Amino acid sequence: MQPLAYRVRPKNFSEVIGQDHLVGNNGIISNMLLKGRLYSFILYGPAGCGKTTIANIIKDKYGLQAFTFNASTDNKADLKDIVEARKFYEFVVLIIDEIHRMKKDIQDYLLPYLEDGSLIIIGLTTENPYRVINPAIRSRLHIYKMHELTANDLILLLKKVADKENIKISDTRIYDYIVQAASLEVRTALNMLEAVSLINEDIRDLEHAKDVIGYKTIAVDGKGENYYDILSALIKSIRGSDVDASLHYLVRFLACEDLLMLTRRLMISAYEDIGMGNPNVGPRVLAACEVALKVGLPEARIPLSFAVVDLASSPKSNSTYLAIDKANQDLINLKSKNIPPHILNKEIKGGANYKYPHDYPNDFVLQQYLPDELKNHVYYEPKTNSKYEIALKEYLTKINKQLKSL
């Protein structure tokens with residue numbers, strides 16, 4: 001028998017909840033299909049908000065000329081077969097699940113077909129595309145953010161499904177509990193409703209329903225806040241140097257037992273938020289995270305609390321994070337960026353050759369490294385929140401002054 005979540009999946013846009021800005025009567029995607037002018041786009045938002053559902057409705061409309069591709073599991077050979085279908089249609093629709101995981105060689109392969117409009121891409125991701133999607137692909141796609149569903153949206157849906165499936169629930173508190181336990185994910189909530197339906201009676205006992213649904217998920221988020229909100233609050237508390245708030249949100253997030261997500265975010269914070277303010281914190285956090293993953297819960301809370309306190313109490317600097325983003329923008333915006341010939345160290349008759357800095361006093365020699373188009377561009381600007389970066393600033397000020405004189 002097909003699962004409940006599959007049976008009640010919307011077949012048209014009018015059945016999709018919480019995304020009227022995209023698929024309502026005046027929604028941008030609704031109007032695309034109404035006018036027969038489908039453009040490539042990315043849908044991003046939390047798990048269970050309807051990204052796949054919207055993509056499948058579009059796929060059903062285009063029938064044989066619509067295909068799906070999973071960037072995590074499918075390979076380039078699968079993609080070539082799909083692209084070959086262009087021979088039989090004006091264009092083909094390619095739905096790419098987890099598009100943020102798409103390999104660079106696959107992205108490069110798709111670009112010409114995306115450019116000429118023979119391939120319409122619909123990308124799906126839970127990650128912010130402005131941070132995780134390759135700029136070459138991103139610049140050719142519209143980006144639409146999915147709204148997070150509200151508790152009221154989900155309760156209305158559950159009641160509608162229960163009525164349709166003849167699931168009798170007299171105690172309406174059960175709906176509230178399911179919504180909290182599912183962290184506002186539609187698929188999870190429907191699975192829980194289906195589990196409750198197996199009681200095979202008019203369900204009046206909330207405690208009985210809790211036994212069927214389970215307690216683990218609700219422990220993540222006892223007040224109905226989103227899983228990602230707690231994780232965000234943890235990182236923002238670390239960034240704000242509030243040690244106690246950081247520990248509070250660490251404890252709340254540990255309830256979900258998702259050590260992989262937690263350690264990933266802590267390691268990123270070490271380099272994004274603390275960075276050059278305390279350069280030694282990165283290796284220490286990495287070591288603590290590796291111990292946590294190795295020993296597992298409940299003991300993992302001990303090295304993780306060490307990491308969180310270390311991060312929150314460290315001087316903060318996002319100077320390197322800002323620097324790499326500035327450099328990336330120049331890479332996108334400037335077309336010609338030839339490496340200075342002497343840096344390539346090839347024999348140039350009558351021209352300058354590369355000078356090896358270690359052959360000169362203080363291991364420094366004046367020569368140009370940046371392409372001419374980027375000469376005198378400044379990316380890294382040290383902050384003054386720690387002794388380490390203050391010393392760096394003094395050193396680099398002297399070096400940059402000489403480089404700018406070229």
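Here are some exercises on this predicted model, each with a worked solution.

Before you start: residues are numbered from 1 along each chain as its sequence is written. Local features need pLDDT of at least 70 and side-chain atom pairs count only at pLDDT 80 or more, while totals for chains, interfaces and linings use all residues, and side-chain values use heavy atoms, with hydrogens and water left out.

**Exercise 1. Work out the strand order of the sheet and find its edge strands.**

Two strands pair if DSSP finds at least two bridges between them.

- Step 1. Walk across the open sheet and you'll meet five strands in the order β2-β3-β4-β1-β5, with parallel pairing.
- Step 2. Look for strands that pair on one side only: these edge strands are β2 (66–70) and β5 (142–145).
- Step 3. Going from one strand to the next, the twist averages 20°. For angles here, axes are lines fitted to C-alpha atoms, for helices over the stretch in contact, and angles run from 0 to 180 degrees between N-to-C directions.

**Exercise 2. Zoom in on strand β1 and name its partners and the way its side chains point.**

- Step 1. Strand β1 (residues 41–44) is joined to β5 by four bridges, running parallel. Four bridges also join β1 to β4, again parallel.
- Step 2. Leu43 sits opposite Tyr144 in β5. Tyr44 faces Thr125 in β4, and its bridge partner in β5 is Lys145.
- Step 3. Phe41 and Leu43 point one way, Ile42 and Tyr44 the other, and all are buried. Buried means under 20% relative accessible area, exposed over 50%, and partly exposed in between (1.4 Å probe, protein chains only).

**Exercise 3. Check the length of helix α14 and describe how α14 packs on α15.**

- Step 1. The expected span of a helix is 1.5 Å times one less than its number of residues. For the 13 residues of α14 (residues 227–239) that should be 18 Å, and the end C-alpha atoms are 19 Å apart, so the two agree.
- Step 2. Two packed helices are described by the angle between their axes and the distance between the axes. The axes of α14 and α15 (residues 243–254) come within 8 Å and cross at roughly 155°. That makes the pair roughly antiparallel (under 35 degrees counts as roughly parallel, over 145 as roughly antiparallel, 65 to 115 as roughly perpendicular and the rest as oblique).
- Step 3. The crossing is left-handed, that is, the near helix is turned anticlockwise from the far one by less than a right angle (clockwise would be right-handed).
- Step 4. Contact means heavy atoms within 4.5 Å. Residues of α14 that meet α15 include Tyr227, Leu231 and Leu234, and on the α15 side the partners include Ala245, Tyr249 and Phe253.
- Step 5. Just after α14, Ser241 takes a positive phi of about 65°.

**Exercise 4. Sort Thr53 and Asn25: buried or exposed?**

- Step 1. Thr53 is found in helix α4. Its relative accessible area is 11%, so Thr53 is buried. Leaving out residues up to four places away in sequence, Thr53 touches Arg9, Pro10 and Val16.
- Step 2. Asn25 lies in the loop between α2 (20–23) and α3 (28–35). Its relative accessibility is 79%, so Asn25 counts as exposed.
- Step 3. The C-alpha atoms of Asn25 and Ser14 are 8.3 Å apart, with the two residues 11 residues apart along the chain.

How values were computed
Helix = DSSP H or I, 4+ residues; strand = E, 2+ residues; numbered from the N terminus.
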